[in-house]
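Have the sequence and the model side by side as you read.

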Amino acid sequence: MQHVRTGAERLAADPSLVPGSRIGLITNPTGVLPDLTPTLDALLAAKVPVTALFGPEHGLRGTAQAGHGERTATDPRTGLPVYDTHQVDGAELDAIVAASGVDTLVFDIADVGARFYTYVWTMYDLLRSAARLGLDFVVLDRPNPLGGEITEGPDLDPAFASFVGRHPIPLRHGRTAGELALLFDPGVRVVAMEGWRRDMDHAATGLPWVMPSVNMPTPDTALVYPGTGLFEGTNLSEGRGTTRPFELVGAPYADERFARELNALDLPGVRFREVWFTPTFHKHAGTTVGGVQLHVHDRRAFRPVLTGLSMLHLARVLYPADFTWWGPESFMDHLWGSDTLTRRLDAGGDPRGLCPEPGVPSGHLLYTSSRR
């Protein structure tokens, strides 16, 4: 089967694509070639002068849980310094990058297509840092596993900018990391993919799926995540601590009505199965909870953001005495990108009206669709 040729694969074959004598590689376990050779190993074998490594949330090796990085250390295989950049920005990040001694930063991490997934914001912060320090910045582009034809959800309100959203883009943004980088800074250098089209989901790329993080095990997880990821801001379990995070949603107070009423909505491309599960960690750890599993039967028709809003609305309507917000104050507002969702739900309203009709990405696009 033919596969999409990623920016990393192109650079490993032609080191002249990225100038620089001291390169800092921003990567994690998703930074691999199609044969699963780590990008770092391939670049070093090609004599690309990588002199430092930078890790995002979950760390360079992907061992940390959500909200954590791996400490700054030395890579035992290569002896290269590893810098933890998770939730570090501004002058502190500038100091880390300057101390590394690099003259070029190269980003090679797979995104999952949802605004509140943090890897593109690590890219954003380091892109800004590189600009302040006068360094080159290069993105080795990779596919958006949701494809690139559809956007969903409103743009982020800049008043609610945070590490789960720095720039006004939709919740399902429909762009690759390289396209986002060009949106953030039109002068950035992107090593574009060869063979990727906007109508491709992950399965069509011919590339292996490598877990982007510990709670993103499969392409099915990524598909539902732009909608069910919103449950992180509620006291319902989003399935962390199970083998199907974000496909399972439930709470001790949920019952059979949740699946029945969701199926009655006849949402596009998805059905809901009543389930019971016991998370091993995080919310409701060790407690049996009731809820639903999402079964997507038509990936093209499925609308994850609309589905997530519908689920939130029903949970609020069916369980008004038990449903509450979760996490630090305004966490849900940062996930959604404004306070319109919490205000609408708290007032007893239907939040589905907050979700505009699906759109199409525009501006700074590197790839086209076969249907155009």
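**Notes on aromatic pairs, cores and a strand pair**

1. Let's begin with Phe-116, which is buried at a relative accessible area of 3%. Buried here means under 20% relative accessible area, with exposed being over 50% and partly exposed in between (1.4 Å probe, protein chains only). Tyr-225 is buried too, at 5% relative accessibility.

2. A word on what you're looking at: this is a predicted model, where local features need pLDDT of at least 70, side-chain atom pairs count only at pLDDT 80 or more, and totals for chains, interfaces and linings use all residues. Residues are numbered from 1 along each chain as its sequence is written, and side-chain values use heavy atoms, leaving out hydrogens and water.

3. Back to the rings: there are 12 aromatic pairs in the structure. Rings of Phe, Tyr and Trp (its six-membered ring) pair if their centres lie within 6.5 Å; planes under 30 degrees apart are stacked, over 60 edge-to-face, and the rest tilted. Phe-116 and Tyr-225 make an edge-to-face pair, because their planes sit at 85°, with the centres 5.1 Å apart. Phe-116 is in the loop between β5 (104-108) and α4 (119-133) while Tyr-225 is in helix α6 (residues 219-228), so the pair ties together parts 109 residues apart in sequence. Helices (H or I, at least four residues) and strands (E, at least two) are DSSP runs, numbered from the N terminus.

4. Another edge-to-face pair is Trp-196 with Tyr-367, at 5.3 Å centre to centre and 90° between the planes. Trp-196 lies in the loop between β7 (189-191) and α6, and Tyr-367 in the segment after α10 (340-346), so this pair links parts that are 171 residues apart in sequence. Both Trp-196 and Tyr-367 are buried.

5. Which residues have the most contacts inside the largest nonpolar core? They are Met-123, Phe-137 and Phe-258, in a core of 76 residues. Such a core is a set of buried Ala, Val, Leu, Ile, Met, Phe, Trp, Tyr and Cys residues joined through side-chain atoms within 4.5 Å. Its largest share, eight residues, comes from α4.

6. Do also look at the second, separate core: it has 20 residues, among them Val-18 and Val-106.

7. Finally, strand β8 (residues 248-251): Leu-248 and Gly-250 point one way, Val-249 and Ala-251 the other, and all are buried. β8 runs antiparallel to strand β10 (residues 289-296), joined by four bridges; strands pair if DSSP finds at least two bridges between them. Ala-251 has Gly-290 as its bridge partner in β10.
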